[in-house]
Structure formats: C-alpha cells, structure tokens
Amino acid sequence: MSEQEETFTSAIWSERAEADDPFTAAECRCAGYDVFGDLLGQVEWIEYLFLLFRKEPPSQPQKRLLNDLAVALAAQGPRDLATQAATSAAAGGSPMAACLMAALSVGAGQHGGAREVYHAVLCWESFAQDTKQWQRYLSQSWPLPDPSTWPDREHPAGFDPNGLACSRPTLQTLSRLASHPATPHLNWLRDKRPALETAASMPLALSGVAASAFFDLGFDAQQAEMLYLLLRLPGAAAFALEQHVEGWSSYPFHSEGLHLLNDPGN
Amino acid sequence: MLKSSPKTQWQNNWQTEAGAWFPGERVIMHGENILQSMEGKQWMDIILFAIRGEHGKEDSNQLLDKVLTFSGCIPDPRLWNNRIAALAGSARSSSTLGISGATAVSDAIIYGFQPTHRAYTMLRDLQSGLQKDSELSELVKARMAQRRDKKRGKPGKGKKREVDIMPGYGRPVSTGDERMRPLMKLLKREGADSGAAVQLAFRVEACLQELGYPLKLNMGGLIAAIGLDQQLKEREFVYYLTQCFCPGFIVCYEDALKHPAGSFFPMRCSQIKYKGHSSRQWQKADD
C-alpha cells in the first residue's frame, strides 16, 4: 500500500476542516455553494436535490417541473408493488429501514420500477423524437434477453403491459408536466402517445412519463433511475408507518388466495 | 472534552484478527488460510467458523445445519418476508434485491429474528433464575403479569409495538407449528432432545398451560433453546438465524418470475378502506 494519502474524488462536495480537528468539517460546499452558511434558509429542497445531482442550480422552469414530477411520484397508493413491499414489512413489525429497503428492492424492478425508467431514458437518448425508431422499438418481438442479473425485459420500457388504456393519473401527469416550458420530449410524447401506444399494443405508463420528464430535465439514465427510486420513497414510508400501527391483522393475507396445484396431501 | 481527535490514530490503520485477502495468494479468516483448512467442509462449517471464530464440534455443526433445514422453509409468498421476494419477482426486480430486501424484512416483531432472539435471551434468563432457586412457575407468572401492563406495546399492532413478553410461544395466523414434530424427531435421533434449554423450553410450555395460557412452544422458541444448548453466544445465535429464510425467498422469487409480471395478488382500488378526512380543496397560501 502506498504511503501517499488516498482520496475520495467528488465534483459535488468540498469541506474545510476545523483548525484543531482534521476530522470535523467547519464548512461544507456543494457545487461551490456554502451549504450551511449560504444555501440553508434560502434554497428550496427541490432546488438542492437538483443541485446535488447536476452540480448547477435549476432554472425556475426546471425547478417547477422537477417539483411537479416529485409530487406525481411521491405516492402511488397502497396497492403499488413497491409500497406493498414496505407495508408488508411494516405489518410484521420490521424495522423502518427494512420497510424502505423492501420498497427499494421491489421498486427497482423492470415492471413499473426504476429499472424500467432507466431503459426508457436510454430510449430517449437513442431515438429522441424519431417516430419511426420508436415504433420499431415498440413493435419488435418481446421479451428482450437481458445479459445482466436482471430478468429479461418483457415489454417496452415506459408502457404498461397490463393496462387497458392510459390511466387518468398518467394522462393528468403528462398534461401537467408538458405544460411547463422547455419540455420538447414531454410535448412530443403527449402528441404522439396514441401512435406509440398502437405500436406497443399497450398504454403509456407513469414510468414512461417520468422518464420523458427526467430526459427533458437533462438527467441521464442512471440519474433518472436513482431519482425515481428516491422520489417514490415518501409514500412507501408514510404507508409503512400507518401499517405499523394497524398491525398484521388488518393487512391482506390472501387467506383463500393461494392454490397449490401439486399438493401431495398428508 | 477531547483535546485531539482519536481518529488520528485510526487513519489508514484498521487492526484486525478477523481476516484479509492476499490477492493471488491466500484468504485468511480468524487466523486460518481457509482455502486449505476448509477443504472438504460443508457450507454450514464455514458459516459457523465465521460466526464463532473457531471450529465447533463436528456433531454440533451438523445438528445446527440440520435444524436450519426445517426452520425457514415455508415457501408461501403470503408470509410477510417471503412476500418481498415474490413482489420483487412480480415487479421484475433482481433476485439479489428481492432476497436481500426479504432478509432485512425478516427482522420483524411478530415473527423472524426479533422474537427468536428474544426467546433465546428469555430462556437464558430463566436458566439463570432457576440457578438462584427461583420456581419456574413463579418466573413465568411474573413475565405473564408484565403482559397486562398497559404501557407495554403489543406485538401485533399499535404505536409502540414490542416483541411479546413470552417470545417463542404462540404464533400469528395459526396456533400450532407443523415444524415442531419433524424437528423433535431430528433432535431425538441426534440425541439433542435432552439438552437443558430444550427441556426448559417444554417445561415453560407446560407451565403456561397450567396457568391457563394456551401458548405452545413454537419453532423460534425451540431453535433458541437449541442455540443455547449448542453454546452459541447471543450475537452468534443472531448471526446463525440470518441464514434461515433464504430457501423460501428463492422459491417465492422464482415462482413469481414464472408468473406474468404484476400478477401477484393484484388489488382492486375498492380494496383500500379509507378512514381519513373527507374531500376538500387545497387553499394556496398568500405569497
């Protein structure tokens, strides 16, 4: 091992130590801004979130768009799979961290989860507003094999394989987000949605709207995946707290729902 | 107050006897080159070596291995921790995320790691109480009296949920534990049914029955007793427990992956019972 002091490398964060203690920061700067001496008390949480990810403050339209997206994603109700994971943990009395870990583990997935948003942003990066490329992608034969440890991709990213039509909250979110300035891809998606849904043979999902918004905000696929995980946690946390108090006996157990097809009997 | 930071002495200085990797040469754990010493050993041997820091007796390792074979294998996706694995499969998340999320969730109050750990400490405390000539029925009665304390949190619901005062006895959803008979059969075959803690666990059950509490020893309670009889220390016992549910998670994840995405017990909107404030409009604050 080299005697030279090893370092973290960050374009986000810098610190100046206390004069008498090199292990305690006297000043912390985020992308150059003094966090506790300048930002605190002036910056809004959503602006600080943007700053952390992008290392530049958002414009006013970017701030408003990200804020609206964060509201749309914060809670999807107790039936949502990631939220169910959190409440299932809470029903049994698992620690708070386990509830959020459970929500993250499930909400990470390729079916309505953050991995789907990741793939959808990659599509935006590749196809932008090229309708033909989108239609080719959407109408190809599914599933696509995934060479990683993720399951195969069974449906086009950002679309709902189980949906009958684009849900009202998804349409409301798309309409609202596309009303912001500097949202060319959200506007294109709003206009082309029927054609894209026809090509995909399934309706647009909220994850698809979110991916488009992240792309208009300038986030790359990984940043979008991370933000989608993060921004969906408030609802999971709130429902988990509620279920902790309600307990296990008022939680669906699907008592009559499991049917074992190869029960050898006693 | 400290005059200087103690971190100075620790900077770039992690002193350990636990283990290290020497790339391309060897792997050391607890002072042994495990690439040599573990040759021909079972998976549970290295788990227990990691836990204890020393090699246990072969028959003890084998018993602890066989005990876990029964403990966590309930591959029912409705159970709260298994459900995370099933939901992860249904949501097409990765198996690693599903299994690790489900493992974290197993640290629950009404089942899993917390009550089993507390069953261990309760049986240990009862053992030391009996060594001080206390009567078992008095000790059990005193514990059950605490159950009536209204300040005490209930395990199943409420704001301050706590593990039951008699952990290892009784069970949510069901009263009996179908795993007890095969595990006791195993203990008899291995000559481990007469261990002091196992015997005590059944005496506690008898006591509870005599006192009019219909609480039966459950699998967690019996495993806690086995852990005590096999001389696992408290933290060692918890480490051992963390291994137990994995088979069920794998089965539930893989099964959900074979089903259509999002098909795991979909819930209707009408299945949400709302009990909050009635509909109202947001009043925007003046700037």
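Two strands count as paired if DSSP finds at least two bridges between them, and the strands themselves (E, at least two residues), like the helices (H or I, at least four), are DSSP runs numbered from the N terminus. Residues are numbered from 1 along each chain as its sequence is written, while chains are lettered from A and ligands numbered from 1 in the order in which they are written. The model is predicted, so local features need pLDDT of at least 70 and side-chain atom pairs count only at pLDDT 80 or more, whereas totals for chains, interfaces and linings use all residues.

Select A:Ala17 to begin, and look across to its bridge partner in S2(A), which is A:Ala25. Strand S2 covers residues 21–30 of chain A, and six bridges join S1(A) to S2 in an antiparallel arrangement.

Now select A:Ala182, in the loop between H8 and helix H9 (184–200) of chain A; although A:Ala182 is not a glycine, its phi is positive, about 60°.

Finish at A:His254, in the segment after helix H12 (233–246) of chain A, where phi is near 55°, a positive value in a residue other than glycine.
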